[in-house]
Amino acid sequence: MMNKFTRRSALATLTAAALAIGSPAMAEDWQPNKPIEMVIMAGQGGGADRLARLFQSIIQKNNLSNMPVLPVNKGGGSGAEALRYLKDKEGDAHTIMATLNSYYTTPLRTDIGVDIEDFNPIARMANDNFILWVNSESDIETLDDYVAAVKEAGGTWKMGGTGSGQEDSLVTAMMENEFGLEYTYVPFDGGGTVAKNLIGNHIDSTVNNPAEQMGFYKAGKSRPIATFSEERLEAFPDVPTMRELGHDLVYTMQRSFVAPKDMPDAAVAYYTDLFKKVSETEEWQKYAADEALDAQFLSGDDLQQFLLNGREVHRNILDGMGELGS
Amino acid sequence: MEILALLAEGFATSLSPLNIMIVLIGVTAGLFIGAMPGLGSVNGVAIVLPLTFIVPPSSAIILLAAIYYGAMYGGAVSSILLGIPGASTAVATTFDGRPMAQKGEAGLALIAAAVASFVGGTISVILFTIFAVPLADLALAFGPAEEFALVLMAFTTFVGLGGDDIFKTIVMISLGLVLSTVGLDLISGQPRLIFFDMPGFYSGISFLVLAIGVYGVGEVLYTIETSRTSPAVTPARLSFAELRAGLVRMNRLWRTMSFGSVLGFFVGMLPAAGATPAALMSYGMAKSMSKKPETFGRGNIEGVAAPETANNAASTGSLLPMLTLGIPGSPTTALLLGGMVMWGLVPGPMLFIESPDFVWGLISSLYTANLAAVLINIALIPIFVWALRMPFSVLCAMVLVLCIVGGFAPSQKMHDVWLIAVFGIAGYVLRKADYPLAPLVLALVLGPLMEKSFRQALIGEQGNILVFVERPLSALFVALSVLFFLLPIIKMVARRRSKSTAPAE
């Protein structure tokens, strides 16, 4: 009797303390009680997929979560499948989604009944870069060679990339505008497939992320022409940026996690904390350096602001392309 | 000979006591995971992934490979015993496996599946060992045009079947193709055929849901009707004599099995395809090359052996693009890829040069995992068969429960459970009207792949449809497709000619 009483009063004190400290302590209160589903907005093998699976491995290796994380690819319709899925998971505490820029563009292009403002921001892990690639068998060595070759092809130059209206196609459209080029854009369902099709000579160039081409690049099968980053990438010190070459083409891809609308606050705090820990692991720091990622962590309101800004930037790009949905 | 030396070194790793134990545990766990509808090798590998960080990377990959293999074997078990595909890759195994079980040959069907899986696994591992590096180039040669031509060939094997009514087959393929367009367009992202504006249709219709519906539920409904008078308890026993007789019978199937292995390996190797299409194609091929195609779907042992060799061969094949190109050929290999990145290995063309001990340890463990899987599987067959001796009224309820669980588990949406009910009733009606169900499932599996590759190829060539015959590999597949399509006519003409010449003699 005595024992029980003490325990209860101890609990009351704890609760009071938790209330007093507020949300940070709430992360301690909530733990997932079943496997966490990590929805990936893209197909297998692309940059988004690899990264999501790397996070899964880091979480499990370092025992950062008491429950396993199960990655699920829902890449259909440029990520619309994943967005719809997350919308249907309203209030769910065991689903999170790994995003890329199609998080902005897909709902802007087509009305799929999703407003990204409704989702709960968890964490921004990185900003990824884009590089212009050709097959190493080609004669093209410089951007000038490249532009000349595309012009000569007269619209039949095959630029491969992810779904129409997704990042790769935006970068392609930016190139078309800047250099007065005309491409035949061939959409594939993941950056990995795009990379493979370049090496197999089924397409003529790509704007793959560094990680997607890394294996082929190291084997001497693909050649980077120029990067779309602000500064040269550490992993590719000899590859010039578009800006250096006199073209103001800068585009990056955010790699973040978001959660469904109305996920309990304690769960949101738990996941934010989880990814904060992931971002501090040695494995992640090393990977980010190797793969030329900018790994600045962002969460909470800052992240939501960042995501909403991103949406406006993309609204403008799409508007310029005439790709904006009603 | 260099390969043999490398392989021997690999065996030195995979035959250590720790690794042998890991293989046994992995295979057994995989078997049960695969046998449970709704749980496939993906779930198995995902659940075990965290455990792999406590052992060295070479042991970890061996554990994952063992589970992967075990699940491939296990998928056939519920396909045969219950008529519910235990895993998506075992869909084709229900076509003949279930009828065999109903005829009281469940034991034989399970042996066939186990032996076929072993043969498929072994042949493909040998192919893998010898040709892994040069074959990577072949996988690269597959662009959209080649993919389309290959899928086209798969379809024609189903149309050009002598046994079934060709008109009904085409109706079923068309229906499957229509169902395959439901959801968001792969290329433009626009929603298509969202029936009644139900959000569940945005993610399309999973072929597993269709297969569980028409085979699992449809089957139960059909059996309830046919066994109303006699509460059928499937007679199922298995003695050693039968086991031996079964193995002898398998001996005669080895043309089908070697063909299925090679086909499965190559289809599995293509990043876009994987084990499910491979199994379906192998089934179609076996049927169209058979002298008695009409016996397929009615409990022909070849109809079990063909898809089972192919799906195991494909599961090995899909490791190839993962290791050499860094592109996973299936959801499970995508998970393995995640593990590899974690262990600090960079998949891609350099992996064989930079981490030979890892690669060859993995390859050699495929040999041991395969051997362990077939032995454990055969040892467990009597237990599996014993489950069938339950009274039908109990078994029937159990099958329905497993259908619901199997449909709900992958997506966790009630939408899919309702779809299973709808497909179950549709499957029952179609069966009564004698429409073949296999082409329906095939069309839903291959439809999206076919549409996507067709459009990609045409976009790339400014709408020039000749692209499919201008490229050598794709031209070859198109030619074979035409041949398969015309095969029934050729057979018919040949039969008529032999009839007209016979009386003259």
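## Reading the model

Residues are numbered from 1 along each chain as its sequence is written, while chains are lettered from A and ligands numbered from 1 in the order in which they are written. Because the model is predicted, local features need pLDDT of at least 70 and side-chain atom pairs count only at pLDDT 80 or more, while totals for chains, interfaces and linings use all residues.

## Two domains in chain A

Let's start with chain A, which is divided into domain 1 (34-128 + 252-320) and domain 2 (131-227); these bounds come from an automatic or database domain assignment. Taken over C-alpha atoms, the centres of the two domains are 26 Å apart. Their contact (C-beta atoms, placed from the backbone, within 7 Å) takes 21 residues from domain 1 and 16 residues from domain 2.

On the domain 1 side, helix 3 (47-61) and helix 5 (102-109) of chain A are the elements that give two or more residues, and helix 5 gives the most, with four residues. Helices (H or I, at least four residues) and strands (E, at least two) are DSSP runs, numbered from the N terminus. By class, this side holds five nonpolar, 11 polar and five charged residues. Here Ala, Val, Leu, Ile, Met, Phe, Trp, Tyr, Cys and Pro count as nonpolar, Asp, Glu, Lys and Arg as charged, and the others, Gly among them, as polar.

Strand 5 (residues 131-135) of chain A has four of its five residues buried, so it is largely enclosed by the rest of the structure. Buried means 20 or more other C-beta atoms within 10 Å of the residue's own, the C-beta atoms being placed from the backbone. Strand 5 pairs (at least two DSSP bridges) in the antiparallel sense with strand 9 (residues 222-227) of chain A over five bridges, and Leu132(A) is bridged to Ala226(A) there. Strand 5 also runs antiparallel to strand 8 (residues 205-206) of chain A, over two bridges, where Val134(A) partners Ser205(A).

Among the buried residues of helix 7 (residues 167-179) of chain A are Glu167(A), Asp168(A), Leu170(A) and Met175(A). Their cover includes helix 5, strand 6 (158-161), strand 7 (184-187), strand 10 (253-259) and helix 12 (300-321) of chain A. After helix 7 comes Gly180(A), with a positive phi near 65°.

## Nonpolar cores

A nonpolar core is a set of buried Ala, Val, Leu, Ile, Met, Phe, Trp, Tyr and Cys residues joined through C-beta atoms within 7 Å. The largest has 182 residues, and those touching the most other members include Ala66(B), Ile80(B) and Val441(B). Beyond its neighbours within four places in sequence, Ala66(B) is in contact with Ile22(B), Val23(B), Gly26(B), Val27(B), Gly30(B) and Ala369(B). A second, separate core of 56 residues includes Ile40(A), Phe119(A), Val268(A) and Leu274(A).

## Pro439 in chain B

Pro439(B) sits in helix 20 (residues 438-460) of chain B and counts as buried because it has 25 C-beta neighbours inside 10 Å. Thr169(B) is 270 residues away from Pro439(B) in sequence, yet their C-alpha atoms are 6.5 Å apart. Setting aside neighbours within four places in sequence, Pro439(B) is in contact with Phe158(B), Thr169(B), Met172(B), Ile173(B) and Gly176(B).

## Where the chains meet

Methods. Contact = placed C-beta atoms within 7 Å. Buried ≥ 20, exposed ≤ 12 C-beta atoms within 10 Å, placed from the backbone.
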